[in-house]
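Subject: Structure handover

Hello,

Here is the structure we talked about. Please open it alongside this note; my findings follow below.

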Amino acid sequence: CHHSYSRWIEGTMKVLHIIPSIASKRGGPSTAIISMVRTLRLEGIDAAILTTTDNAINQNQDYPLGKWFEKDGVPVIMFPVASSNIRLLSEFLFSPGLSVWLFKNIRIYDMIHIHAIFSYPSTVSMMMARFKRIPYVVRTIGQLNRWSLSQSTILKKIMLAVVERGNLENSVAVQVTSKNEKEDIEELNFNIKLLLLGLGVEIPEKDNFQILSTVNVDTTKFLFLSRLHPKKQLDKLLYAFSRIKRECPEYKWCLFIAGDGDEYYVKELHQLTTSLDLDDEILWMGHVQGLEKKLLFSNTDWFVLPSASENFGISVAEALSYGIPVIITEGVGVSELVEKYQAGMIAKDSTVHLASTLKTAISKPPEEMKNAATHLALENFSWKKVVHHLINFYFESIQIGRAHV
């Protein structure tokens with residue numbers, strides 16, 4: 001029953017979500033948490049977010065520090081991170097203010113939901129929840145996937161062995177968002193309970209779609225929308241399109257690239273685009289959000305993400321919600337669902353196979369594939385459905401914890 005938690009109404013359940021950053025430039029996890037918490041609140045849960053100034057989010061928005069404020073209908077409290085010239089220390093996001101506040105206030109919450117590991121806000125929060133005996137669930141945002149661990153620094157590997165393993169094993173559960181992620185974590189042989197629960201997206205109203213007139217109607221439009229990071233393998237996509245241009249110069253296509261990343265890496269990608277003679281076909285959009293993002297989705301034929309590893313793939317789910325078929329690799333968490341619903345094409349992780357798949361896509365997607373994309377999104381990515389499962393899990397975990405006290 002979706003509403004087994006209705007017995008809690010006498011005293012509203014209080015849940016604190018903790019994440020290192022809510023800056024949209026940080027990618028899917030930072031974007032998803034706002035929608036997740038907002039939906040929890042609409043369902044009667046007193047949910048809020050504790051975060052830090054990572055990615056200089058407060059510089060542009062002028063958010064107050066150490067005080068509650070509202071962002072997109074969600075209460076947020078944010079603390080500064082200590083600056084450091086040492087890259088490893090700056091990435092760990094030390095935040096003494098966050099620690100002090102949490103130590104004083106953690107007991108007022110019934111449940112703590114932590115998003116990310118290997119970061120000061122999340123690591124310290126797990127340790128503090130253990131000390132104060134507050135139940136907590138952890139969403140590792142793909143940081144324990146096979147690919148992510150293979151790229152980890154020595155510091156992260158030490159942290160996993162010395163600190164994070166104990167933190168994870170003392171949680172009420174680790175939330176995984178796809179079968180891929182579940183299987184990767186099971187290989188680690190941790191003594192943990194896994195909660196398989198995906199994420200949601202805001203399902204758009206198709207009446208609001210707008211037409212982008214800057215691209216010829218006969219041109220097949222591909223969209224890559226994600227954080228620009230080596231894991232996303234955008235370079236492999238560029239090589240694949242270069243192959244198509246060389247072998248089939250008569251094909252009409254363009255690629256929108258939306259997203260941002262480290263300055264040096266973005267510069268490398270621009271240089272690669274020029275060296276492959278793709279400047280006329282590639283449109284660099286930068287970081288997009290709001291109406292600009294909706295406009296891009298509304299005028300795309302195919303969404304493409306050849307990522308080496310994605311625990312879920314929130315941008316893929318967004319594209320599907322617009323009825324856009326996707327071209328993704330097996331490393332993307334939602335690939336199994338895409339294949340099941342026939343809502344796109346799954347390419348092997350090679351430039352040659354990716355180019356072959358893209359060639360097939362030049363003819364534009366069939367209507368039945370577009371309908372399948374919409375159907376997949378409606379069936380699986382409704383925030384309301386996701387949150388109902390999550391609330392029931394909170395309720396059951398809290399009741400079990402109280403029975404053992």
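Two rings of Phe, Tyr or Trp (for Trp, the six-membered ring) count as a pair if their centres lie within 6.5 Å. By that rule, ring pairs join Trp68, Phe79 and Trp101 into a cluster. Note that this is a predicted model.

Aromatic pairs

The structure holds nine aromatic pairs. One of them is phenylalanine 241 with tryptophan 253, stacked at 4.3 Å centre to centre with 20° between the planes. Phenylalanine 241 sits in helix H9 (residues 234-247) and tryptophan 253 in strand E10 (residues 253-258), so the pair ties together parts twelve residues apart in sequence. Both phenylalanine 241 and tryptophan 253 are buried.

Phenylalanine 297 and tyrosine 322 have ring centres 5.0 Å apart and planes at 20°, so this pair is stacked. The two are 25 residues apart: phenylalanine 297 is in helix H11 (residues 290-298), and tyrosine 322 is in the loop between helix H12 (314-321) and strand E13 (326-329). The cut-off for buried is under 20% relative accessible area. Phenylalanine 297 is buried at 3%, and tyrosine 322 is buried at 11%.

Overall fold

The protein chain has 16 helices and 14 strands. Of its 405 residues, 55% are buried. Among contacts between residues at least 6 apart in sequence, 72% join residues at least 24 apart. The accessible surface is about 18900 Å², and 50% of that belongs to carbon and sulfur atoms.

Cores

The largest nonpolar core has 94 residues. Phe222, Leu255, Phe303, Leu320 and Leu358 touch the most other members. Helix H16 (residues 383-403) gives this core its largest share, nine residues. A second, separate core has 34 residues, including Leu50, Met128, Val176 and Ile185. Back to phenylalanine 303: beyond four places in sequence, its contacts include Leu223, Phe297, Val316 and Ile327.

Which residues of helix H8 (residues 179-186) are buried? They are Glu181, Asp184 and Ile185. These three cover an arc of only 95° around the axis, which puts them on the same side of H8. Their cover includes helix H6 (146-150), strand E7 (173-176) and strand E8 (194-196).

Threonine 177 is in the loop between E7 and H8. This threonine is buried, with a relative accessible area of 6%. Its side chain makes a polar contact with the side chain of asparagine 311, at 3.0 Å. Beyond four places in sequence, threonine 177 also touches other residues, among them Arg139, Leu196, Gly198 and Phe312.

Best wishes

Technical notes. Residues numbered from 1 in each chain as written. Predicted model: local features only at pLDDT ≥ 70, side-chain atom pairs only at ≥ 80, totals over all residues. Heavy atoms only, no water. Buried < 20%, exposed > 50% of the residue type's maximum accessible area, 1.4 Å probe, protein only. Helix = DSSP H or I, 4+ residues; strand = E, 2+ residues; numbered from the N terminus. Arc of directions from axis to C-beta. Contact = heavy atoms within 4.5 Å. Core = buried A, V, L, I, M, F, W, Y, C linked by side-chain atoms within 4.5 Å. Areas by Shrake-Rupley, 256 points an atom, 1.4 Å probe, with all protein chains shown as cover. Polar contact = N/O pair within 3.5 Å; in protein donor to acceptor, adjacent residues only side chain to side chain. Phe/Tyr/Trp six-rings, centres within 6.5 Å; stacked < 30°, edge-to-face > 60°.
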